[in-house]
Amino acid sequence: GGDLTDFGATQELLWQRDILNNLKVPYVCLIGNHDCLGTGEEVFTKVFGDPNFSFTAGDVHFVCLNTNALEYDYSEPVPDFKFMQHERDSFPKEAKRTLFAMHTKPKDEQFNNNVANIFQHVLNTFPTPLCCIYGHGHKLAADNLYGDGLMYYQCSNIKDRIYMIFTINKFSFIFSAISMFIITQSGIFFILHITILFTISE
């Protein structure tokens, strides 16, 4: 969901890279508004790649967008509609559905709300939009933001120990929010309790 750092400092990004590289699964990182501070975007790009990128898994095309317009003082096209148009027009043949990921959603203070409605319209021109995921607000949320059925799911701050699982099947997807309480003893992690906060099937 972005905000890998507080201040966009090089060392913060390198720490995050080293931690994430220990994962046993593939990962991608979105750029957040804190990551854009100072020379943060330049370092982020060198460490994690372009702020706007995409990939395909199965028949789902994931479009990952930099939506942190405020940090650019509107001097650059954020969100980048040319990138979005290219993604739509060159949609992979093997993909049938689209999932969008970004740091901040339309109508948030970081977003360029002059183009919020147009942004939503463009999302809906992609093949079978499934949902949008984002993380700027640091709390769990699920909103039908425009009343058009395209849901926006916000992940919680990491300190809340809540994570989200999207299980995408042939016809739809299931979204679950999982809460964990963890303690440590002598450097060993113990999971005390796991709670499924809610599950949404689309």
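Asp18 is partly exposed, with 40% of relative accessible area, and in this predicted model Asp18 makes a salt bridge with Arg17, with the closest N and O atoms 2.9 Å apart. That's one of six salt bridges in the structure.

**Salt bridges**

- Side chains of opposite charge can pair when their charged atoms come close.
- Arg88 and Asp89 form another bridge, and here the closest N and O atoms are 3.3 Å apart.
- Arg88 is partly exposed, at 27% relative accessible area, while Asp89 reaches 53% and counts as exposed.
- Lys105 pairs with Asp108, with 2.9 Å between the closest N and O atoms.
- Lys105 is buried at 12% relative accessible area, and Asp108 is buried at 13%; both count as buried because the cut-off is under 20%.

**The largest pocket**

- S7 supplies the largest share of the lining, with six residues.
- Sorted by class, the lining of the largest pocket comes out as 27 nonpolar, 11 polar and three charged residues.

**Aromatic rings**

- Phe55 and Phe62 are a stacked pair, because their ring centres lie 4.7 Å apart and their planes sit at 5°.
- Phe55 is partly exposed, with a relative accessible area of 29%, whereas Phe62 is buried at 17%.
- Phe111 and Phe119 go edge-to-face instead: the ring centres are 5.0 Å apart and the planes are at 70°.
- Phe111 and Phe119 are both buried.
- Tyr153, Phe166, Phe173 and Phe175 gather into one aromatic cluster.

**A charge over a ring**

- Lys107 has its charged end over the ring of Tyr146, at 4.5 Å from the ring centre.

Technical notes: Residues are numbered from 1 along each chain as its sequence is written. This is a predicted model: local features need pLDDT of at least 70, side-chain atom pairs count only at pLDDT 80 or more; totals for chains, interfaces and linings use all residues. Side-chain values use heavy atoms; hydrogens and water are left out. A salt bridge is a side-chain nitrogen of Lys or Arg within 4 Å of a carboxyl oxygen of Asp or Glu. Buried means under 20% relative accessible area, exposed over 50%, partly exposed in between (1.4 Å probe, protein chains only). Helices (H or I, at least four residues) and strands (E, at least two) are DSSP runs, numbered from the N terminus. Ala, Val, Leu, Ile, Met, Phe, Trp, Tyr, Cys and Pro count as nonpolar, Asp, Glu, Lys and Arg as charged, and the others, Gly among them, as polar. Rings of Phe, Tyr and Trp (its six-membered ring) pair if their centres lie within 6.5 Å; planes under 30 degrees apart count as stacked, over 60 as edge-to-face and the rest as tilted. A charge sits over a ring if NZ of Lys or CZ of Arg is within 6 Å of the ring centre and within 35 degrees of the ring normal.
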